[in-house]
Amino acid sequence: MTESNIPLVDLRAQHAEVAAEVAAGFAAVLDTTAFIGGADVAAFESEFAAYCEAEHCVGVANGTDAIELALRGLGIGRGDEVVLPANTFIATAEAVDRAGADVVLVDCDARHLLIDPDRVAERITPRTKAVIGVDLYGQIAPFERLAQVVPEGVAVLEDAAQSQGARRHGRPIGDGVVAAPTSFYPGKNLGAYGDGGAVLVHDEAFDQRIRAFGAHGGLRRYEHDHIGFNSRLDTLQAVVLRAKLRRLEGWNERRRAAAVRYGELLADVEQVVAPASAEGNVHVWHLYVVRVADRDRVLAEMNANGIGAGIHYPTPVHLTTAFAGLGYGPGSFPVAEAAAPELLTLPLYPHITPDQQERVVETMVKALR
Ligand SMILES: *Cc1c(COP(=O)(O)O)cnc(C)c1O
């Protein structure tokens, strides 16, 4: 048997499933040469909103813009503070900074690495205007608990870049929050063929404000009410996303089956802490992240043996060079800092096979000896 490499993410099988539909959709768009807006973008927005049981969906250029636009649409900017977890992809913090607000970081819980509502409560000041919970690795953060600790007038947002299709206590992403920005980066559970993003909201006026910001500050051409920017979901990406959305439930189901299989394979591997779903969560396993001591050596050995394991994320936001200026030093967020050097992401995608998963675990176990 020839042992081929197992990548962290393999999108080829997903593409094969939608290839014919995408080709036909692209041909129709190319025929009209209408590449911005149009029926496909509007249809995707309403289909994705319906899927998430949200009132509105605004398609935008990427997930980072989606967060920034949600904040701008809420009037959050200079002089305001926005609270978010220290252990997230850096984009969450960048978007806050780009909106002009001050980034305030908090720690996470030790088991699921989701934002810790008790820590949020400690960081609320009169300047706090929003809290962004992050659905890290594909499970929804405890928004019902966040809602209890934030005072009235503080907006709770959900960074749902990693959680399309997830549920918490039976409810989808965007439920119980002011806005849920998400990303359609190709490797996300619902991925485009390039960059894309969206904001789920429940209110028409907010939808219109976000659209205006992403359309040069106005909804009528050459009428600019404020200084906005350009952030649109491309028509061709909408074609891809419409085809993939119809398969998302099935693909998430396959991810869950793969996560269960990893759990079984790892049950007897003492040195590895497998990830868990928090109570009430239906996880969509954007990433399968275990914890292991001596991570860098294990990772290097797995990579050397053709296993595309990775790290999400090596450095908490406050310890990056980019955000050193926030002034948090080492020791500020002990839970996130203890986790970071142990995090190891195993390959997981809807079409990963049991054989591939066995090889991933075998290779890891060898590396652990
Ligand atoms: C991917 C991601 C983003 C940013 O999305 P882009 O589309 O890459 O800009 C934001 N937050 C989290 C948690 C992400 O995983």
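Colleague: In what order do the three strands of the open sheet that includes E6 stand, and is the pairing parallel or antiparallel?

Modeller: In general, strands of a sheet pair through backbone hydrogen bonds, in either a parallel or an antiparallel sense. Here the order is E7-E6-E11, and the pairing is antiparallel. Strand E7 (171-172) and strand E11 (281-282) stand at the edges with a single partner strand each, so one side of each lacks a neighbour in the sheet. Strands (E, at least two residues) and helices (H or I, at least four) are DSSP runs numbered from the N terminus, and two strands pair if DSSP finds at least two bridges between them. The model is predicted: local features need pLDDT of at least 70, side-chain atom pairs count only at pLDDT 80 or more, and totals for chains, interfaces and linings use all residues. Residues are numbered from 1 along each chain as its sequence is written, and side-chain values use heavy atoms, with hydrogens and water left out.

Colleague: How many bridges link E6 and E11, and which residue is the partner of Arg 167?

Modeller: Strand E6 (residues 167-168) pairs with E11 over two bridges, in the antiparallel sense. The partner of Arg 167 in E11 is Val 282.

Colleague: Which way do the side chains of E13 point, and are they buried or exposed?

Modeller: In a regular strand the side chains alternate between the two faces of the sheet. In strand E13 (residues 343-346), Leu 343 and Thr 345 point one way, Leu 344 and Leu 346 point the other way, and all are buried. Buried means under 20% relative accessible area, exposed over 50%, and partly exposed in between (1.4 Å probe, protein chains only).

Colleague: Why does Thr 363 count as buried, and which residues does Thr 363 touch?

Modeller: Thr 363 lies in helix H11 (residues 354-368). Its relative accessibility is 14%, and therefore Thr 363 counts as buried. Leaving aside residues up to four places away in sequence, Thr 363 touches Met 302, Asn 305 and Ile 307, where contact means heavy atoms within 4.5 Å.

Colleague: Where is Tyr 51 found, and which residues does Tyr 51 touch?

Modeller: Tyr 51 belongs to helix H2 (residues 39-51). With residues up to four places away in sequence not counted, Tyr 51 touches Gly 165, Leu 245, Leu 248, Glu 249 and Asn 252. By contrast, 32 Å separates the C-alpha atoms of Tyr 51 and His 226, which are 175 residues apart along the chain.

Colleague: How many helices and strands does the protein have, and why is it described as compact?

Modeller: The protein has 11 helices and 13 strands. Its radius of gyration is 21 Å, close to the 21 Å that the globule rule gives for 369 residues, so the protein is as compact as a globular protein of that length. The radius is taken over C-alpha atoms, and the rule is 2.2 Å times the number of residues to the power 0.38. Of the 369 residues, 54% count as buried. Among contacts between residues at least 6 apart in sequence, 71% join residues at least 24 apart.
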